[in-house]
Amino acid sequence: MPDPQTPPPDLGPRNPAGLERTPTVELLETLGQLIRTARALNHRQTEELGFSGTPFGIVKLLADGDRRPGDLATELQIAPSVVSRALVPLERDGQIERRLDPADARSFRLALTDAGRARLAQRRELIQARIERLLEHWPDDDITTLTRLMRRLENDIQSHADELLQPPAERAEPPPPPPQPSAQAVPA
């Protein structure tokens, strides 16, 4: 495992993708690798712990109180159909339950069961213990700084999400051409 204090190897002025080495390029590459590593670990943990990803996100939100499926989709920033698919195994396994919505008899709210709450607590304890072991050689100040910077990055991404999702200027629709003068008969 590489030492987090060791800078990445010097790949020269350009990386394999041909981009100039800048702090932003380094950040994007590091975030990309972190996401890939987290996904791989997530798949392995699913086998061990029974749920992860979207189901884990749903259970964490329901630990704070009942919600409608649409509210879960909004808070998790995923499509409602993804939430619907994730609910099936959670309900089947007794982790969550449906309750009538007192504000709207036509709909329902989802609630975490005692079994779901216990499984969530077990998963959180296990993950926390693993991360604490992983970071035991890190100074607390480094962990605090990393957490603060990650929250800052997440907040900036959230507050600029619409802007980030717009196509780059070079791919944006060109402005409409200026109106052409109308063809009028010119006296001879």
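Visitor: Why is Ile-157 called partly exposed?

Guide: Ile-157 has a relative accessibility of 38%. Buried means under 20% relative accessible area and exposed means over 50%, with partly exposed in between (1.4 Å probe, protein chains only). The 38% of Ile-157 falls between those limits, so partly exposed is the label. One thing before we go on: this is a predicted model, where local features need pLDDT of at least 70 and side-chain atom pairs count only at pLDDT 80 or more, while totals for chains, interfaces and linings use all residues. Residues are numbered from 1 along each chain as its sequence is written, and side-chain values use heavy atoms, leaving out hydrogens and water.

Visitor: Where does Ile-157 sit?

Guide: In helix H6. Helices here are DSSP runs of H or I with at least four residues, strands are runs of E with at least two, and both are numbered from the N terminus. The protein has seven helices and two strands, in the order α-α-α-α-β-β-α-α-α along the sequence.

Visitor: What makes the nonpolar patch with Ile-157 a patch?

Guide: Patch residues have over 30% relative accessible area and no salt bridge; nonpolar side chains (Val, Leu, Ile, Met, Phe, Trp, Tyr) are joined within 5 Å, like charges within 9 Å. Leu-27, Leu-31, Leu-34, Ile-35, Leu-146, Met-150, Leu-153, Ile-157 and Leu-164 form this one on the surface, with about 750 Å² of accessible area together. Helix H1 (23-49) and helix H6 (140-159) are the elements that give it two or more residues. Areas like that come from the Shrake-Rupley method with a 1.4 Å probe; for residues, only the protein chains shown count as cover.

Visitor: Is Arg-67 buried or exposed, and how do you know?

Guide: Buried: its relative accessible area is 14%, which is under the limit for that word. Arg-67 lies in the loop between helix H2 (53-62) and helix H3 (69-76).

Visitor: What makes the pair of Arg-67 and Glu-75 a salt bridge?

Guide: A salt bridge needs a side-chain nitrogen of Lys or Arg within 4 Å of a carboxyl oxygen of Asp or Glu. For Arg-67 and Glu-75, the closest N and O atoms are 2.6 Å apart, so the pair qualifies. Glu-75, at 41% relative accessibility, counts as partly exposed. The whole structure has 10 salt bridges.

Visitor: Which backbone oxygens does the side chain of Arg-67 reach?

Guide: That of Leu-61 at 2.6 Å, and that of Gly-65 at 3.0 Å. Both are polar contacts, because that term asks for N or O atoms within 3.5 Å, one able to donate a hydrogen and the other to accept it within protein (residues adjacent in sequence count only if both atoms are side-chain atoms).

Visitor: What makes a nonpolar core, and which residues have the most contacts inside the largest one?

Guide: A nonpolar core is a set of buried Ala, Val, Leu, Ile, Met, Phe, Trp, Tyr and Cys residues joined through side-chain atoms within 4.5 Å. The largest one has 15 residues, and Ile-58, Leu-62, Leu-72 and Ile-96 have the most contacts inside it. H2 gives the largest share, five residues.

Visitor: Which residues does Leu-62 touch?

Guide: Not counting residues up to four places away in sequence, Leu-62 touches Arg-67, Leu-72, Ile-96, Leu-110, Ala-111 and Leu-112. Contact means heavy atoms within 4.5 Å.
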